[in-house]
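Work through the exercises below with the sequence and the model side by side, trying each task before reading its solution.

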Amino acid sequence: MNQNLLQGLGMTSQRTRERLVQRLMDQGVSNWEVLDVMRNTPRHIFLDEALSHRAYEDTALPIGFGQTLSQPYIVARMTEILLGAAGSLDKVLEVGTGSGFQTSVLAQLVKQVYSVERIKPLQDKAKQRLRDLGLRNVRFKHSDGGFGWPEVGPFNAILSAAAPQIMPKELLAQLAPNGVLVIPIGGDKQELHLVMRDGDSENFITQVLEPVKFVPLKSGTIDA
Ligand code: SAH
C-alpha cells in the first residue's frame, strides 16, 4: 500500500490521531500498550474513502451491510479489559471481524488471533486490509461466530463485537483454564460483561462493566 495512504494526510494526520488518543485517556483508557497501538493503527483505511476523513472521530461509522466500525473508545476499552484479565494471550478469538480494525489492534498485542465473521464481503475486505498492514498472525473464518471456532479452541480470551441477548454457552465452553470472555449482552439495553473461567473448573465468574451499544449477534451467514 502507498505510504501516503497509510500515514494519512490532513484529517487523518498524526496530529488528528494524537487528539483521539488524548480523548481516550480522558475517558479513562490507561493501558499504554493499547494507547500506542490505537495511535499507530491507521483507522482511515478501514472505511470507504467517502468516510475516511471522519476516521479519527470517536464515533461508530458505517461499513455497509447495516454494520458499523466500532467507536475507538470501545475498541480500546475492550482490548484493555481483555489484556488486563487474561493470563495468557496465545490464542484469542474475535467474534464479528467487521472492518478488521479491532482485529488489527488485537493482532498487535497478542500472539495469534482467530476472527469469525458471518458476512463474507466484509470479511474479504478486512483480510485485505490486514494483509496491507503486514499483520500475519490472524486466521479468518466465514461462519456464525455464536458457535465460536471449536476446531481450534480453547482460547485464552474471546472478544465479541456483536451483542447476543443471552450469554452464548458455546463461547464459555471454548474458554481455556482461566480464560476470559469480553462480550456485550442485551437488546435495546446492553451491558458489557467480563466472564472469567475459574481455573479449569466449570465455574465462571461474571462482572457487569458498563452500558454499551453494539450491533446484534445474528445467526446464520451471508455469502454476498
Ligand atoms: N470491531 C468491528 C465491529 C464490527 S460490527 C469493527 O470495528 O469493524 C460487528 C460485526 O459482527 C459485524 O460485521 C457483523 O456482521 C458481525 N456479526 C454479527 N453476528 C455475527 C455472528 N453470529 N458471527 C460472526 N459475526 C457476526
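The model is predicted, so local features need pLDDT of at least 70 and side-chain atom pairs count only at pLDDT 80 or more, whereas totals for chains, interfaces and linings use all residues. Residues are numbered from 1 along each chain as its sequence is written, and side-chain values use heavy atoms, with hydrogens and water left out.

**Exercise 1.** Describe the lining of the largest pocket.

*Solution.* A pocket here is an open set of points on a 1 Å grid over the protein atoms alone, where a 1.4 Å probe fits, with protein on both sides within 12 Å along at least five of seven lines; lining residues have an atom within 4 Å of a point.

**Exercise 2.** Determine how α3 and α4 meet.

*Solution.* The axes of α3 (residues 32-40) and α4, as lines fitted to C-alpha atoms over the stretch in contact, come within 9 Å and cross at roughly 145 degrees. Then list the contact (heavy atoms within 4.5 Å): Glu33, Val34 and Met38 of α3 face Pro72, Val75, Ala76, Thr79, Glu80 and Leu83 of α4.

**Exercise 3.** Classify the pairing of phenylalanine 46 with phenylalanine 101.

*Solution.* Rings pair if their centres lie within 6.5 Å, and planes over 60 degrees apart count as edge-to-face. With 5.4 Å centre to centre and 75 degrees between the planes, this pair is edge-to-face. Finally, locate the partners: phenylalanine 46 is in the loop between α3 and β1, phenylalanine 101 in helix α5, 55 residues apart.

Definitions and conventions:
Axes are lines fitted to C-alpha atoms, for helices over the stretch in contact, and angles run from 0 to 180 degrees between N-to-C directions. Helices (H or I, at least four residues) and strands (E, at least two) are DSSP runs, numbered from the N terminus. Rings of Phe, Tyr and Trp (its six-membered ring) pair if their centres lie within 6.5 Å; planes under 30 degrees apart count as stacked, over 60 as edge-to-face and the rest as tilted.
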